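This briefing goes through selected side-chain features of one structure, grouped by topic. Please keep the sequence and the 3D view at hand while reading.

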Amino acid sequence: MISLNDIERLLSPWQSAYSDSTLLSTGVTALHLIGMLVGGGLALAADRTTLRISEEAPGKREWHLGELNAIHRPVLLALTLLFVTGIAMIAADVKTFVTSPVLWVKLTLVALLVANGVVLERTETALRRTSDSAPQGASEKLWSRLRVSAICSIAVWLATLVAGVFLVNAA
């Protein structure tokens, strides 16, 4: 079985490069923050619009569903950037981060973001497929689920940001 010390030895070239280069460590941190700003910003803006438009007439709602569909790719790309840069930062000081409970809280929050994103995407897809011939309350149930997903998204994005700040300060 591989120990934490073995992993640390394996990552020692990266740890040295990261700690010896301000440009590298700053670049990785900046990319991580860019991922959070872009992904979280787009998601929060879409969530805000979802909460506002969910009470509007169906025609306006349909437009928003197209907008939500267009947001998925950039948010997923930003989450990918967050994941890659997060791994790079963890690898730079693996012993400190892997043993930090705050890291595991943050990773749990990221998993919740992804799970909520799946619910949001499936609900949005179901709403786009819902026709006028659907049972009377079907569309409203889906819009209600979309509202709950938007509220959860806002809360988890913000909690993830706070966990990241705690993680940096705890390291």
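In this predicted model, L31, I34, L37 and V38 form a nonpolar surface patch of about 360 Å². I34, one of the patch residues, sits in helix α3, which covers residues 22–53. I34 is partly exposed, because its relative accessibility of 43% falls between the 20% and 50% limits.

**Nonpolar cores**

- The largest nonpolar core has ten residues: M36, A43, V75, L79, L82, L109, L113, V156, W157 and A163.
- Helices α3, α4, α6 and α7 each give two or more residues to this core.
- In soluble globular proteins, nonpolar side chains tend to be buried together.
- Beyond four places in sequence, W157 is in contact with M36, G39, G40, A43, L44, V75, L79, L82 and L113.
- Among these contacts of W157 are M36, A43, V75, L79, L82 and L113, which also belong to the largest core.

- Side chains of opposite charge can pair when their charged atoms come close.
- R9 counts as exposed, because its relative accessibility of 55% is over 50%.
- D6 is partly exposed, at a relative accessible area of 31%.
- K95 has a relative accessibility of 34% and counts as partly exposed.
- R128 and E124 are four residues apart in helix α6 (residues 101–129), so about one helical turn separates them.
- R128 is partly exposed, with a relative accessibility of 41%.

**Surroundings of E124**

- E124, a residue of helix α6, has a relative accessible area of 0% and is therefore buried, the limit being under 20%.
- Apart from residues up to four places away in sequence, E124 touches L65, L68, N69, H72 and L146.
- The C-alpha atoms of E124 and I90 are separated by 34 Å, and the two residues are 34 residues apart along the chain.

**Aromatic pair**

- One aromatic pair is found in a search of the whole structure.
- The pair consists of W14 and Y18, whose ring centres are 5.7 Å apart; their planes meet at 45°, so the pair counts as tilted.
- W14 and Y18 are four residues apart in helix α2 (residues 12–20), so about one helical turn lies between them.
- W14 is partly exposed at 27% relative accessibility, whereas Y18 is buried with a relative accessible area of 13%.

**Two buried serines**

- S153 is part of helix α7, which covers residues 138–170.
- With a relative accessibility of 5%, S153 counts as buried.
- Leaving aside neighbours within four places in sequence, S153 contacts A43, D47, L113 and N116.
- A43 and L113, both in contact with S153, are also members of the largest core.
- S54 lies in the loop between α3 and α4, the latter covering residues 58–92.
- S54 counts as buried, because its relative accessibility of 0% is under 20%.
- Residues up to four places away in sequence not being counted, S54 touches R61, W143 and R147.

Definitions and conventions: Residues are numbered from 1 along each chain as its sequence is written. This is a predicted model: local features need pLDDT of at least 70, side-chain atom pairs count only at pLDDT 80 or more; totals for chains, interfaces and linings use all residues. Side-chain values use heavy atoms; hydrogens and water are left out. Rings of Phe, Tyr and Trp (its six-membered ring) pair if their centres lie within 6.5 Å; planes under 30 degrees apart count as stacked, over 60 as edge-to-face and the rest as tilted. Buried means under 20% relative accessible area, exposed over 50%, partly exposed in between (1.4 Å probe, protein chains only). Contact means heavy atoms within 4.5 Å. Patches are made of residues with over 30% relative accessible area and no salt bridge: like charges are joined within 9 Å, nonpolar side chains (Val, Leu, Ile, Met, Phe, Trp, Tyr) within 5 Å. Accessible areas come from the Shrake-Rupley method with a 1.4 Å probe; for residues, only the protein chains shown count as cover. A salt bridge is a side-chain nitrogen of Lys or Arg within 4 Å of a carboxyl oxygen of Asp or Glu. A nonpolar core is a set of buried Ala, Val, Leu, Ile, Met, Phe, Trp, Tyr and Cys residues joined through side-chain atoms within 4.5 Å.
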